[in-house]
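Here are my notes on the model. Please read them beside the coordinates.

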Amino acid sequence: MSAKIAFIVLVGALVASTASLFTSGSFTTLSSLKRSIIAEELANQRRVNKVLGLRSEIDGLMHDNRVLERAARNELGLARPNELIFFFDDAKKR
């Protein structure tokens, strides 16, 4: 008789725990959080890559005069004395 009662309690506990996992949204919340973590890790990796690229660019600007000159010419439009710079419009005119 006590084996039947233990079996019934065990089955009841199993059913209750399974029901609590799926009905309260715990399982769906957990899977949603896992997807959010993966998305945030990817975004963080992109940010780390961007920071590394910017650090490399800063290092080049600080230590390599050719990189500094190229940046000054391209981004600021600076020229050497007696040097002419021509800007061409890339848009095709009809």
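1. Salt bridges first. The term here means a side-chain nitrogen of Lys or Arg within 4 Å of a carboxyl oxygen of Asp or Glu. The structure holds three of them. One joins the side chains of Arg66 and Asp64, at 3.6 Å from N to O.

2. Ground rules. This is a predicted model, in which local features need pLDDT of at least 70 and side-chain atom pairs count only at pLDDT 80 or more, while totals for chains, interfaces and linings use all residues. Numbering runs from 1 along each chain as its sequence is written, and side-chain values use heavy atoms, with hydrogens and water left out.

3. Confidence. pLDDT is the predictor's confidence in each residue, on a scale from 0 to 100. The chain has a mean of 84, and 89% of its residues reach 70 or more. Where pLDDT is low, the predicted coordinates should not be read in detail.

4. Fold content. The chain has three helices and zero strands. Along the sequence the pattern reads α-α-α. Helices (H or I, at least four residues) and strands (E, at least two) are DSSP runs, numbered from the N terminus.

5. Burial. Of the 94 residues, 5% count as buried. Buried means under 20% relative accessible area, exposed over 50%, and partly exposed in between (1.4 Å probe, protein chains only). The accessible surface of the chain comes to about 9100 Å², and 64% of that belongs to carbon and sulfur atoms. These areas come from the Shrake-Rupley method with a 1.4 Å probe; for residues, only the protein chains shown count as cover.

6. A nonpolar patch. Phe7, Ile8, Val11 and Val15 form a nonpolar patch on the surface, with about 400 Å² of accessible area together. Patches are made of residues with over 30% relative accessible area and no salt bridge; like charges are joined within 9 Å, and nonpolar side chains (Val, Leu, Ile, Met, Phe, Trp, Tyr) within 5 Å. Ile8 lies in helix α1. Its relative accessible area is 58%, so Ile8 is exposed.

7. At its start, a side-chain oxygen of Asp64 reaches to within 3.2 Å of the backbone nitrogen of Arg66. The side chains of these two residues also meet in the salt bridge of point 1. Arg66 is exposed, at 62% relative accessible area, whereas Asp64 is partly exposed, at 25%. After α3 comes Gly77, with a positive phi near 70 degrees.

8. A salt-bridge network. Which residues are linked in a network of salt bridges? They are Glu69, Arg73 and Glu83. The closest N and O atoms of Glu69 and Arg73 are 3.1 Å apart. These two residues are four apart in helix α3, so about one helical turn separates them. Arg73 and Glu83 meet at 3.2 Å, N to O. Arg73 lies in helix α3 and Glu83 in the segment after α3, so this pair ties together parts that are 10 residues apart in sequence. Glu69 is partly exposed, at 29% relative accessibility. Arg73 is partly exposed at 28%, and Glu83 is partly exposed at 29%.

9. One backbone angle to check. Asn82 has a positive phi, near 65 degrees, in a residue other than glycine. Asn82 sits in the segment after α3. At 86% relative accessibility, Asn82 counts as exposed.

Terms used:
A polar contact is a pair of N or O atoms within 3.5 Å; within protein, one must be able to donate a hydrogen and the other to accept it, and residues adjacent in sequence count only if both atoms are side-chain atoms.
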